[in-house]
Amino acid sequence: MGSREPDTVRDSCGVYGVWGHPDAPRLVHYGLYALQHRGQESAGIVASDGSHVVHYKGMGLVSEVFNDQKLEALRGHISIGHVRYSTSGSSRLANAQPVVVRYRGGLLALAHNGNLVNAVPLRGALEDEGSIFQTTVDTEVIAHLVARSRLPRVEEALPEALNKVKGGYALIVMNETTLLAARDPNGFRPLCVGRFPEGGWVVASETCALDATGAEFVREVRPGELLVIDETGLRSTQAVPPGKPALCVFEYIYLARPDSNLEGRNVHVVRKDLGRRLALDYPVEADIVTGVPDSSISAASGYAEEAGIAYELGLVKNRYIGRTFIQPSTSARTFGVQVKLNPLRKVLEGQRVVLVDDSIVRGTTSRRIVNLLRQAGATEVHMRIASPPYRYPCYYGIDTSAEGELIASTKSVEEIAASIGADSLHYLTTQALHETVTGLPDWPVAERCCMACFTGHYPVPVDEARGKFEFEETPDGDDNDRPGGEIEAVAAGTEG
Ligand code: SF4
């Protein structure tokens, strides 16, 4: 897994695109800020005024990559942007998105959230036929498939390409004049469409990014649907036949922002309901409830309300150092967790504590947090997890540890409790999770979300899938510490 030591479910990527607004690149910039939680390794924006395309991308947070000068250079009424956490290919500038390619049809820019499970054989076949790849990300496979198509228009070539790829994608594509948005046939990754009151369309990973830019939510992009937006308006086609509905349940548990809505349900409300269910299923005598900030606060408040136990701020998070995975090594991570979370001794001293968290990946972070609470005077620590034991890796766009590194893949719940030092430990069952998220009691007969990392039942076969660094010659080449970027202006259609 390169040089980092992951102990959390990491975000995948965030995408945002605008068609038909005079300040499109600025809006994309704001939209990327709202999606920053989905990826903090790199950011990029592409803009077109209808004939000239300009793009800029760099390593780091949106605020580190873009300044006024960079934004000034990005003009046009069409624009797409991307924030990345690497789930395919290493974290380096060449792999930052949007991926921009020139081919005989002109210019194509792609911003992708998700992972293709058959990228390796597709790329091998393309290379055998002479394709030369510039990056090690699976998104470029889609670009090559479009570029090699005999169909002249991108809105014809893209569906042809999408019918060859398998896996998870929320994809926004643009050329000089047109914006396209597509979602995989299972709908693993979220994607929604909105409108600006003053005119113009927006497509984004989450509804919080519509709110941030003053756009009104219109609807979610349907699984397998392709939207094409140009001078003639918005057109919808079913590019790929829809498959079994499989929105990633981890979007509700951890990934999405609490102020986003997914399939009509607010993420904060769902998380609170998960906490309530935990309290109903696994009550315990305690004095206070606290949550691991930020993603577990909603579930912890739900637990506290249902149990009738006071919710307290037991851990204070330093909000200015990014998410845990940014720490580059084991020793730095040990240091980083202590800097990031400070236990509130005044609150914890002499108290029996219910500690709510969204998930346990490897167990090292949980162990440190339980330890922090005890050092701050907690007399008992009862851990409650708002998801089932996390046993299987994700192949659809979330970067997690390998199966052997997931603590629940090798240890029982009792063994995990002992390993992290908790007085008791309980997880939600898969049935309770599915019921709470969907409001339907029919799991596993009808599964409405992807739950594969808990059940091992993958909605799309993953036998062709490989690891994140599959296309790397040396799988350790992340350059997260490079804030610099590259700016390039290209006249449309200059290469054939
Ligand atoms: S395997 Fe897990 S993380 Fe991946 S899409 Fe399915 S539910 Fe989400």
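Biologist: Which residue stands opposite Ala170 in strand 8?

Modeller: This is a predicted model, and in it Arg183 of strand 8 is the residue that stands opposite Ala170. Strand 7 and strand 8 run antiparallel and are joined by five bridges, forming a hairpin with four residues between them. Strand 6, residues 106–113, is likewise antiparallel to strand 7 and joined to it by five bridges, with Leu110 having Val173 as its bridge partner in strand 7.

Biologist: Are the two faces of strand 7 covered or uncovered?

Modeller: As a general idea, side chains in a regular strand alternate between the two faces of the sheet. In strand 7, Ala170, Ile172 and Met174 are buried on one side, while Leu171 and Val173 are buried on the other, which leaves both faces covered. Five of the five residues, 170–174, are buried, and strand 7 is therefore largely enclosed by the rest of the structure.

Biologist: How many aromatic pairs does the structure hold?

Modeller: A pair of aromatic rings is described by the distance of the centres and the angle of the planes. The structure holds seven aromatic pairs; for Phe188 and Tyr396 the centres are 4.0 Å apart and the planes lie at 20°, so this pair is stacked. Because Phe188 lies in the loop between strand 8 and strand 9, and Tyr396 in the loop between strand 22 and helix 14, the pair ties together parts that are 208 residues apart in sequence. Both Phe188 and Tyr396 are buried, and together with Tyr395 and Tyr458 they form one aromatic cluster.

Definitions and conventions:
Residues numbered from 1 in each chain as written. Predicted model: local features only at pLDDT ≥ 70, side-chain atom pairs only at ≥ 80, totals over all residues. Heavy atoms only, no water. Buried < 20%, exposed > 50% of the residue type's maximum accessible area, 1.4 Å probe, protein only. Pairing = 2+ DSSP bridges. Phe/Tyr/Trp six-rings, centres within 6.5 Å; stacked < 30°, edge-to-face > 60°.
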